[in-house]
Amino acid sequence: MKIQVVGSGSMWTSYNSASYLIDDNIIVDIPNGMCKYLYRLGKKVQNINHVLITHFHGDHYFDIPFYYLLKSKSNNTEVNVYCSKEGKRKCEKLLKLAFPNPYQEVLDTIKVKYNYKENFKVNDYEVKKYLVDHGAMKPAFGYVFKFNNNKIGFTGDTSYCKAVNDMAKECQYLFCDCMYIKGTNKHMGINDIKELTKKYPNCKFIVSHLDDETRNRLNEEKIKNVIIPNDGDIINIE
Ligand SMILES: [Zn+2]
Ligand SMILES: [Zn+2]
């Protein structure tokens with residue numbers, strides 16, 4: 001399993017917004033700018049067939065129109081979107097706003113398959129969805145991929161909640177929200193990550209959605225089992 005951290009920052013930094021590319025074919029979140037980020041990394045956006053959306057904030061799905069439009073013009077029109085059940089309406093509304101004229105033709109060409117299940121398969125991975133707590137934004141999900149004997153999780157945006165504990169307990173790697181120095185009811189902070197590293201020493205925490213001051217502090221603190229990625233970093237899991 002090859003995971004590329006496409007974005008590791010929060011919206012209000014010069015880093016790309018939190019997003020990940022798995023095996024050059026699956027993405028977790030599709031923030032505004034995602035297609036550009038991928039082009040800059042030399043990736044072919046049309047090769048992506050699976051999009052997992054954690055929740056419907058703009059910095060997690062606003063590049064959907066560009067992705068749909070490109071897919072409709074490419075030879076590979078397969079599109080699978082995994083999200084909460086308002087996904088179809090939200091994504092199509094956004095597409096219509098962005099491209100009102102080719103809108104229907106795009107949808108007729110790509111015939112998006114939306115998947116709202118709690119457990120599903122993406123390529124060879126079994127994926128489980130976790131309901132996390134992201135303040136007033138409901139629902140918000142994390143995802144855990146099962147791969148051989150490994151489990152690799154993505155928390156999405158979340159406060160420190162039970163689902164995060166459940167994910168950390170079973171994962172070898174957890175890509176997690178650490179936007180702030182001190183966690184809030186919407187996002188985790190360094191204090192939450194420290195607690196997680198103590199409780200779950202077998203898990204490596206790859207922090208993401210970082211504000212700049214949080215990144216600086218994390219770099220100073222050098223917490224065991226915490227990985228602070230740069231945009232474009234690749235983690236290979238055997
Ligand atoms: Zn959010
Ligand atoms: Zn966010």
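1. Two residues are in contact if their C-beta atoms, placed from the backbone, lie within 7 Å. By that rule, I64, P65 and Y68 in α3 meet C91, L94, L95 and A98 in α4. The residues of this contact divide into seven nonpolar, no polar and no charged. Here Ala, Val, Leu, Ile, Met, Phe, Trp, Tyr, Cys and Pro count as nonpolar, Asp, Glu, Lys and Arg as charged, and the others, Gly among them, as polar.

2. Some ground rules. This is a predicted model: local features need pLDDT of at least 70, side-chain atom pairs count only at pLDDT 80 or more, and totals for chains, interfaces and linings use all residues. Residues are numbered from 1 along each chain as its sequence is written, while chains are lettered from A and ligands numbered from 1 in the order in which they are written.

3. Helix geometry. The axes of α3 (residues 64–73) and α4 (residues 87–98) come within 8 Å and cross at roughly 80 degrees. Axes are lines fitted to C-alpha atoms, for helices over the stretch in contact, and angles run from 0 to 180 degrees between N-to-C directions. α3 and α4 are therefore roughly perpendicular to each other (65 to 115 degrees).

4. Overall fold. The protein chain has eight helices and 14 strands. Helices (H or I, at least four residues) and strands (E, at least two) are DSSP runs, numbered from the N terminus. The C-alpha trace spans about 50 × 35 × 35 Å along its principal axes. Among contacts between residues at least 6 apart in sequence, 57% join residues at least 24 apart.

5. Size check. A compact globule of 238 residues would have a radius of gyration near 18 Å; the protein chain has 17 Å, which agrees. The radius is taken over C-alpha atoms, and the globule rule is 2.2 Å times the number of residues to the power 0.38.

6. The sheet. Seven strands form an open sheet in the order β6-β5-β4-β3-β2-β1-β14, with mixed pairing. The edge strands, β6 (113–115) and β14 (234–236), each pair on one side only. Neighbouring strands of this sheet are turned by 20 degrees against each other on average, direction ignored. Strands pair if DSSP finds at least two bridges between them.

7. Strand β1 (residues 2–7). β1 runs antiparallel to β14, joined by three bridges. K2 has N236 in β14 as its bridge partner. Four bridges join β1 to β2, again antiparallel. Q4 is partnered by L21, and G7 by S19.

8. β2 (residues 19–22) and β3 (residues 26–28) pair in the antiparallel sense over three bridges. L21 stands opposite I27, and I22 has I26 as its bridge partner. Three residues lie between the two strands; D23 in the turn has a positive phi of about 50 degrees.

9. Burial. A residue is buried if 20 or more other C-beta atoms lie within 10 Å of its own, exposed if 12 or fewer, and partly exposed in between. Of the 238 residues, 45% count as buried. In β1, five of six residues are buried. Both faces of β2 are covered: S19 and L21 on one side and Y20 and I22 on the other are all buried.

10. Where does M137 sit? Its place is in strand β9 (residues 137–147). With 17 C-beta neighbours inside 10 Å, M137 counts as partly exposed. M137 touches H55 and H57, not counting residues up to four places away in sequence. The C-alpha atoms of M137 and C91 are separated by 17 Å.

How values were computed
Parallel < 35°, antiparallel > 145°, perpendicular 65-115°, else oblique.
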